[in-house]
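Open your viewer and get ready to select residues one at a time. Each stop below says what to pick and what is there.

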Amino acid sequence: MPKMKTHRGAAKRFKITKKGKVKRAKAYKSHILTKKSPKRKRNLRKAAIMPKAEERRVKLLLPYA
């Protein structure tokens with residue numbers, strides 16, 4: 001049986017932690033940053049954990065992660 005292919009778009013956006021959770025970047029940090037407060041922009045830098053409901057779909061796209 002051939003190897004499964006990793007979804008390259010998902011591979012660039014998500015990482016799997018050691019405990020198997022899916023780590024992602026937060027949205028709204030790319031442009032129109034002047035009207036956002038420094039506190040809000042600082043909090044957008046931190047990584048977030050994917051909700052349990054979405055986790056399974058991402059893991060199907062990353063078979064070897």
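**Into the loop**

Select Tyr 28: this residue sits in the loop between strand 2 and helix 2. Helices (H or I, at least four residues) and strands (E, at least two) are DSSP runs, numbered from the N terminus.

Before going on, note that this is a predicted model, where local features need pLDDT of at least 70, side-chain atom pairs count only at pLDDT 80 or more, and totals for chains, interfaces and linings use all residues. Residues are numbered from 1 along each chain as its sequence is written, and side-chain values use heavy atoms, with hydrogens and water left out.

Stay on Tyr 28. Is it buried or exposed? Tyr 28 counts as exposed because its relative accessibility is 64%. Buried means under 20% relative accessible area, exposed over 50%, and partly exposed in between (1.4 Å probe, protein chains only). Now check the backbone: phi of Tyr 28 is near 70°, a positive value in a residue other than glycine. Most residues other than glycine have a negative phi.

Pick Ile 32, in the loop between strand 2 and helix 2. Its phi is positive too, about 55°, although Ile 32 is not a glycine. With 47% relative accessibility, Ile 32 counts as partly exposed.

Next, Leu 33. This residue lies in the loop between strand 2 (22-24) and helix 2 (38-45). Leu 33 is at 25% relative accessibility, so it counts as partly exposed. Which residues does Leu 33 contact, leaving aside its neighbours within four places in sequence? They are Tyr 28 and Lys 41. Contact means heavy atoms within 4.5 Å. Then select Arg 45, twelve residues along the chain from Leu 33: the two C-alpha atoms are separated by 13 Å.

**A buried lysine**

Move to Lys 36, in the loop between strand 2 and helix 2. Lys 36 is buried yet has no salt bridge (a side-chain nitrogen of Lys or Arg within 4 Å of a carboxyl oxygen of Asp or Glu). The nearest side chain of opposite charge, Glu 54, is 21 Å away. For charge, Lys and Arg count as positive and Asp and Glu as negative; His and the chain ends are not counted. Show His 31 as well: the side chain of Lys 36 reaches its backbone oxygen at 3.3 Å.

Select the three strands of the open sheet, with order 1-2-3 and antiparallel pairing. Strands pair if DSSP finds at least two bridges between them. The edge strands, strand 1 (14-16) and strand 3 (48-49), each pair on one side only. Last, pick Lys 23: its bridge partner in strand 3 is Ile 49.

Conventions. Polar contact = N/O pair within 3.5 Å; in protein donor to acceptor, adjacent residues only side chain to side chain.
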